[in-house]
Each structure stands twice: as structure tokens, then as C-alpha cells.
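The sequence and structure are shown first.

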Amino acid sequence: MFVNRWPLIISLAILLSGCQDRSSKTVRDKDFSGGNALKVIGPGGGGGVMKPTISPFDENFVMTHCDMTAAYLTLDGGEHWKMKNLWTVPEDFEFDPLDQHTVYAATRGYRYSEDRGSGLSILYRSEDRGESWHIVYPDLDKVIKSERLQNTDYLPSEIIHGALDGTIEKVEVDPADHRRIYLGLAPLRSYIGGGDQNDSDSAMLVWSTNFGGDWELITRLPGRSVKAIFPCNIYGSPGEILVFTESACICVNEHTGAISILPLPVKTIIAAEGGHDKDGGLLYIQSRFENQEGDVQGGMFVSRDIGRSWTRSNNGLFKDVPGGMAPRFRQGLAVCEKQPATAYISTINPVKNTEGDVEMIYCVFRTGNGGERWDPVLLSSTPGGYITQNFEGSWMEESFDPGWGGSPIDLGVAPGNADVCYAGDNGRGYKTTDGGKTWKQVYSHNLPDGSYASSGLDVTTCYGVHFDPFNPAHFFICYTDMGLFHTFNGGESWFHSITGVPRSWQNTCYDLTFDPDIKGKAWSVWANAHDLPRTKMFGRRGFDRFQGGVAVSEDDGRHWAMSNRGMPENAICTNILLDANSPQHSRTLYVSVFDKGIYKSVDGGKSWEEANMGLGNNLFAWEVRQNSEGRLFVLFARGERNSETVDGAIYFSDNNARSWKPLNLPSGVNGPHDLLIDPENPAIMYVSCWPRREGDRDTCGGVLKTGDGGTSWKQVFDERVRVNAAGMDPLRPETIYINTFQNAAYRSDDAGETWRRLEGYRFKWGQKAIPDVNHPGMIFLTTYGGSVFYGPAEGIPGIFEDIENMPEGWW
């Protein structure tokens with residue numbers, strides 16, 4: 001048969017020319033930081049690791065993201081990671097199939113809620129292997145509004161003319177023509193409840209045929225979540241796209257938008273992936289197992305005819321699972337694009353142990369024959385540890401059992417090498433390079449002295465940095481989900497400081513204080529309720545189900561002992577204050593206990609008594625402070641009870657907490673978040689505030705200042721902004737720093753009259769700004785999801801901040 005190859009050759013030449021032009025672009029006149037960037041410190045890991053995605057050109061080039069807003073890239077197979085901040089939470093990554101330098105990242109859009117604000121979904125492209133990023137969707141030439149978008153309840157169509165009101169869930173570049181980019185959009189909803197959403201909206205399929213220069217809606221789709229997009233050119237059906245939503249398999253004519261529904265073997269799917277080789281295409285779908293009168297249905301299915309028919313594929317998944325029970329999927333499914341007979345999945349399997357009890361086994365299965373059989377390549381459990389004995393771990397494996405991370409949330413396999421697969425779970429990233437025979441963590445480096453240093457994959461929340469008054473190289477970081485770490489070499493490496501702390505407390509260390517006169521002595525406060533005081537933690541079940549308390553150490557935090565007699569077992573301890581004027585061997589201590597108020601000790605923490613006389617109905621105690629004259633303050637966080645808002649408040653005591661009186665705040669302010677007191681002039685105080693919703697926007701947030709002890713207040717920072725906390729230069733009280741939940745930290749050198757942003761820091765959800773007491777001119781910025789940033793307190797003026805064309809007002 002004669003085939004005219006000239007059109008193909010011409011098309012390839014055009015494509016290769018376009019590829020060369022785009023890949024040859026370089027980002028000029030940008031300081032990519034090198035050694036002068038704010039660096040992230042800590043042991044690494046500690047939070048959810050999502051969507052590991054591997055380059056088809058270089059299996060050492062991997063993108064992933066955490067569940068707390070940052071993206072991460074490695075160019076050396078996970079030995080070192082670099083954080084990238086793309087304004088909001090990444091949702092998907094896609095490598096250009098023809099240009100080795102180009103990668104796409106899509107970020108999540110969400111409706112406004114009082115706790116998190118709103119977010120605009122964006123598609124970014126990097127043409128320099130992830131170093132810098134450029135917005136390609138939506139169209140910035142059509143911007144209507146561009147100021148403080150996070151603080152208003154705008155739909156995308158109200159921000160950019162012609163933008164679609166949805167959030168990008170999937171990105172797909174046509175492997176036959178990389179000018180064609182497909183986006184799967186889902187309806188908008190609030191980030192974590194409490195906001196507006198439209199349940200009648202459906203998913204959408206959008207495309208560009210010119211590298212993102214223009215975008216067009218192809219069609220709306222049955223379903224609300226886009227699971228996968230397969231351009232069918234390589235499957236022998238040019239002009240068609242196969243799209244999976246959670247409830248449908250849809251064949252779409254890309255030119256007319258006409259759709260036809262192909263039958264699925266189940267009503268709802270969790271994930272869909274596929275690939276193509278010389279034998280044709282192979283698609284996999286994953287669905288929940290369901291027990292229907294003793295007959296377990298669902299699971300894995302495969303299709304060898306582009307979704308027209310499906311074969312059930314569960315062989316091997318039920319090994320040792322008791323009759324009538326079934327595995328549970330987390331959504332982990334990865335298929336080797338060029339060797340689709342190989343795929344990996346993650347499950348949680350109920351298995352009877354030797355005592356006859358059912359325990360959960362965290363599993364990774366692999367198939368090498370297109371789903372005809374699945375074989376376990378990684379098995380672990382809480383009581384059994386690493387059953388397959390093929391996992392090389394770090395601090396997390398030393399301190400916690402496998403149940404802490406659980407089964408992988410997401411998996412990613414190298415498109416051209418089925419033996420390379422990355423996994424991410426609740427706290428770790430890890431990989432195999434030999435088809436699952438062995439696995440190795442990629443979040444931390446194990447050092448000869450038993451300490452740990454981050455690989456750059458820092459994915460957890462931290463609250464404070466606490467300095468040893470006797471050793472400037474020794475300090476602590478208090479973390480959510482992984483407790484407490486400390487360093488003896490100025491932050492170069494870290495030891496886990498949880499020995500002696502009850503296991504039921506170890507999730508979160510909220511605060512720590514040193515004894516200023518006794519070397520090695522410190523107190524810490526703990527709870528297994530994490531992420532306070534975020535709204536997501538306020539549920540109908542209340543806080544009595546949690547546990548926590550106070551611990552004391554006499555040896556620099558190497559060992560701890562419980563010190564909570566008189567406190568209830570369910571004490572969620574969030575802050576601790578030591579009265580430095582109290583006797584050295586019978587210290588007076590105060591602890592804020594969430595939903596229970598204030599507890600006081602006059603014997604160094606050996607015993608405690610409630611001290612709530614005069615307090616109001618809100619007992620969500622968050623912080624305790626004391627000024628230089630001895631006046632005590634307690635800050636109560638804004639919260640919820642029975643789905644109703646409970647206003648935050650501040651109280652003070654002039655009689656050592658025997659009784660409390662309310663501190664007046666300006667009308668409308670109900671979200672105080674942090675209290676900072678000038679040590680030289682106690683009449684000067686700063687309150688960092690979380691805004692509240694008024695109409696379609698935020699108000700009554702920012703920073704308030706008083707110069708008369710709280711009789712009157714002045715707004716000194718934008719009331720729309722979610723300011724988490726403030727810090728003060730210990731040598732110059734006029735210099736104030738704040739960290740916000742909106743991609744920025746700021747500095748004022750005139751006591752709050754004017755502010756400038758600290759360039760070089762763009763992490764989305766910031767916590768505290770803590771000047772380094774041992775190194776003037778340096779600062780720690782703690783975060784809700786990215787560990788601790790450390791660097792110059794002036795910021796780094798002029799440094800490039802990941803995104804080339806971000807409208808300044810959008811931040």
C-alpha cells in the first residue's frame with residue numbers, strides 16, 4: 001500500500017521547529033537565588049505528598065506537590081528537591097511529550113470561605129525544567145479585577161473576561177501534537193467547607209491548539225470530576241478524545257463537541273490511567289469494592305479497545321483477605337505510558353493476623369501483564385512493620401509505625417521505564433527503581449550521628465522556633481503531625497525530640513519554653529488535635545475526644561516526662577508561659593488549653609489548677625502573654641459551636657490569673673490570632689487578626705495597634721489580609737515583622753506605620769515571623785505546610801519569585 005509521507009515529514013518539521021524555538025528560550029535578568037535564597041530548614045517530610053509525575057525524557061526529573069500549597073521538583077531522582085510556590089495548591093502536572101525542557105502545572109481554584117479566602121485556578125508552563133513559570137491560562141490580557149483576589153468572593157468570569165467558572169483537575173498535552181493542550185475543569189467549591197458552591201455545575205473539557213495562546217470550551221461533560229483525558233490520535237481515532245469523569249466514559253469529537261457515552265462496568269470510578277505500545281492501547285480504571293449480599297463487586301478493570309469493553313482485573317488483590325471483606329483503594333494508580341502492561345496500585349487490605357484479629361495492611365501491588373495478575377511489592381502494617389522487608393527509611397520509620405503514612409495516596413511511574421515508580425502518602429515520598437523489589441524514602445538524609453537533614457521535601461506545618469538561652473546552636477521547631485525536633489548545630493541537622501512523650505500526644509507540639517536560669521530545663525505542650533485554630537478542626541464532635549498535656553525535660557529535650565497532674569486527659573495544650581520573676585525552683589507557669597481555658601502551676605508544672613474566673617463562653621484558649629509589668633493576657637481564637645461562629649476575644653488579669661477582664665477590641669473584630677507586646681513599653685501592643693466576611697469580601701483582619709494598653713486601637717495593616725502572627729526585633733522594638741496566610745511576609749521599621757514585603761518568600765500559608773535572637777539581621781518564617789524558611793530579615797530584594805507574569809495585585 002502506498003503512503004504519502006510528505007505531509008507527515010512537513011508536519012514533523014514544523015513541530016520540531018516550534019519545539020526548538022520554545023526550548024531555546026531562556027529566562028534572562030533573573031536572580032535564581034543560588035546561595036542567597038531563604039532556605040527551608042527541618043528534617044523533611046511530615047505531610048501529604050501528591051501526584052509524583054516523572055519526565056518522559058529524564059527519569060530523575062520529577063514534579064510533586066504537598067497538600068499544603070507548594071510544588072517540588074527534583075533533577076537528581078529525589079536526592080534534593082526545590083520548592084516552587086505557584087500561588088495556590090497544585091492539582092496536576094504534565095510534561096511536554098516533545099520538548100524535554102517544558103512542563104505544565106495546574107493549580108486549584110476554589111470559592112471563598114472565611115477561613116481560606118478564594119483561589120483562582122491557573123495553568124502554568126515552565127520552559128526551563130521547572131525553574132521559572134509563566135501563566136498560560138486564563139488569558140491575562142482580559143483581566144478585569146486585579147487587587148487582593150484572595151479576599152473577595154469573585155468567580156473567575158468576574159476576574160477575567162470570558163474565563164470559565166471552574167477549576168483545572170487534569171492537564172493533557174497531545175503526544176502527537178504538543179501544540180494541542182487539553183484541560184479538564186471541575187465545578188468550583190470552597191477549599192474546606194463553609195463556602196459557596198453550585199452543585200448543579202458539571203465538568204468541562206477545554207483546549208488550545210496553539211500552545212495556550214487561545215482557549216476554547218469543547219463541551220460540558222456528565223459528571224463533576226475529571227479523572228483522565230486521552231487524545232485518541234495515537235489510538236487510531238484522530239479527532240476524538242476519550243475523557244473519564246467519576247461517573248462516565250465519554251468519547252468527544254474535538255471539532256464539534258459532540259459526545260457519546262461508552263458504558264462503564266461500575267457506576268463510579270476513583271481513577272483512570274493508560275498507555276500505548278506496539279500492541280495498542282491499554283486502559284485501567286479503579287473503582288470501590290462493594291459487598292452486595294456477600295458478593296464483592298468493583299475493583300480494577302482493564303480495556304484493550306479504548307474503553308468500548310472492560311474486563312475485571314482483581315486477581316491477586318484478595319490474597320489473605322477474609323471472605324466477605326475487600327481491599328480499599330486510596331486512588332493510587334500509575335500506568336507506564338510506553339509499557340502499559342505494567343501498572344502499580346495502592347490498597348489497604350484487611351487481613352487476619354496469627355491471633356485471628358483483622359489488621360490493616362498497607363499495600364502496593366504491581367502487574368506486569370496488563371492486570372491479569374497483581375503481585376504485592378510493598379506490604380506494611382502498624383503492628384507488623386515492613387512485612388516485605390524492602391523499605392529503606394529515615395526518621396519517620398524510626399519514630400512511627402507504617403500506619404502514620406499509610407498506603408500511598410498517589411503513584412507515578414516513569415513513562416519509558418516501568419521499573420521506576422514514585423509514591424506519596426500522608427507523610428513521605430519514596431521510590432523504587434527496580435520494579436518494586438526495593439523502596440527508598442526521598443524526603444530526608446540520614447547522617448552518621450543519628451540526626452537527619454531534609455532533602456528539600458518539607459511538607460508540614462510548624463508553629464514556633466524556640467532558642468536555648470545557654471547554647472546558641474541549639475533550638476527547637478514545634479511541628480504539627482510529627483511533634484518536636486531540635487538541632488545542636490544551628491539547623492544543619494535535626495533530632496526527633498519525642499522520647500518520653502506519650503504516643504497519644506505526639507502528633508503536635510504547639511509550644512515550648514526554656515527555663516532562663518536552669519540549663520537544660522524546658523517545658524513543652526502537646527495534643528493529638530492538629531492544625532488549630534483552623535476552622536476545619538471545629539466539628540460537631542467537639543474537642544473532648546482529643547488528648548494532650550504538658551511535658552518537662554531536664555536534659556535539653558533528649559528525654560521528656562509527663563507533667564500534667566491536675567489537668568484533664570483531654571487537655572489540648574496550645575501555649576505555655578513561664579513567669580520569669582517566679583522562684584527558680586517553683587516556677588509559675590500558665591498554659592492555654594483549647595476549649596477549656598487557662599491552667600496555672602506554681603510548682604514548676606508538677607501540678608495544675610484551672611484559672612478561668614471571669615472568662616466568657618469562648619474557652620478556645622490559644623495564647624498566653626505577659627507584659628513587663630506582670631499583666632497577663634489570654635487570647636481566645638474564633639471558632640464554631642453547633643455550626644455557629646464563636647467570636648474570638650482577649651482577656652487580661654492583674655492578679656496572676658485569679659480573675660480575668662475582657663480587653664476591648666474594635667467593633668467587628670472577632671478573629672484575633674496573635675498578641676505581640678512591646679517589652680520596653682507595655683502600653684504598645686499589636687494584634688494580628690483573621691478577617692471576617694462582610695458581603696462578598698473580607699474585613700476586620702490585618703494588624704491592630706494600641707499605644708495605650710488597649711483603650712484605643714488603630715488599623716496599621718490591611719484589614720483584608722489574614723495575618724497569622726507578628727514578631728519584634730529584639731534589639732529594635734520599632735521593627736515589626738508579620739507573616740500572612742496570603743503568600744507574603746512583611747516588615748515595618750516604624751512601628752507599623754509603613755510596611756514592605758520581604759522579597760524571596762512566597763509560601764501561601766504563613767504562620768509566624770521570628771527574628772533570630774542569636775544572629776541579628778536574620779529571621780525564621782514558620783509556615784502551614786512548608787516547614788521553616790530562614791534568611792535575611794530584609795528579605796532578598798530583586799530575587800526572582802518563581803512566576804514570571806503574575807499580576808502583583810493577585811497575591
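The sections below describe a predicted model.

## Cysteines

The count of disulfides is zero. A disulfide requires two cysteine sulfur atoms within 2.5 Å. The sulfur of Cys-336 has its closest cysteine sulfur in Cys-421, at 9.9 Å, which is too far for a bond. Likewise, Cys-421 takes part in no disulfide, and its nearest cysteine sulfur is that of Cys-336.

Cys-336 is buried, with a relative accessible area of 0%. Cys-421 is buried too, at 0% relative accessibility.

## Aromatic pairs

The whole structure holds 47 aromatic pairs. One of them joins Phe-400 and Trp-404: the ring centres are 5.6 Å apart and the planes lie at 5 degrees, so this pair is stacked. Phe-400 and Trp-404 are both buried.

Phe-543 and Phe-620 form an edge-to-face pair, because their ring centres are 5.9 Å apart and their planes are at 70 degrees. Phe-543 belongs to the loop between strand 43 (522–527) and strand 44 (548–553), while Phe-620 belongs to the loop between strand 49 (609–610) and strand 50 (621–626), so the pair ties together parts 77 residues apart in sequence. Phe-543 is buried at 5% relative accessibility, and Phe-620 is buried at 1%.

## Aromatic cluster and charges over rings

One aromatic cluster is formed by Tyr-110, Tyr-191, Trp-690, Phe-741, Trp-765 and Tyr-784.

Over the ring of Trp-765 sits the charged end of Arg-116, 4.7 Å from the ring centre. The charged end of Arg-534 sits over the ring of Phe-741, at 5.4 Å from its centre.

Methods:
Residues are numbered from 1 along each chain as its sequence is written. This is a predicted model: local features need pLDDT of at least 70, side-chain atom pairs count only at pLDDT 80 or more; totals for chains, interfaces and linings use all residues. Side-chain values use heavy atoms; hydrogens and water are left out. Buried means under 20% relative accessible area, exposed over 50%, partly exposed in between (1.4 Å probe, protein chains only). Rings of Phe, Tyr and Trp (its six-membered ring) pair if their centres lie within 6.5 Å; planes under 30 degrees apart count as stacked, over 60 as edge-to-face and the rest as tilted. Helices (H or I, at least four residues) and strands (E, at least two) are DSSP runs, numbered from the N terminus. A charge sits over a ring if NZ of Lys or CZ of Arg is within 6 Å of the ring centre and within 35 degrees of the ring normal.
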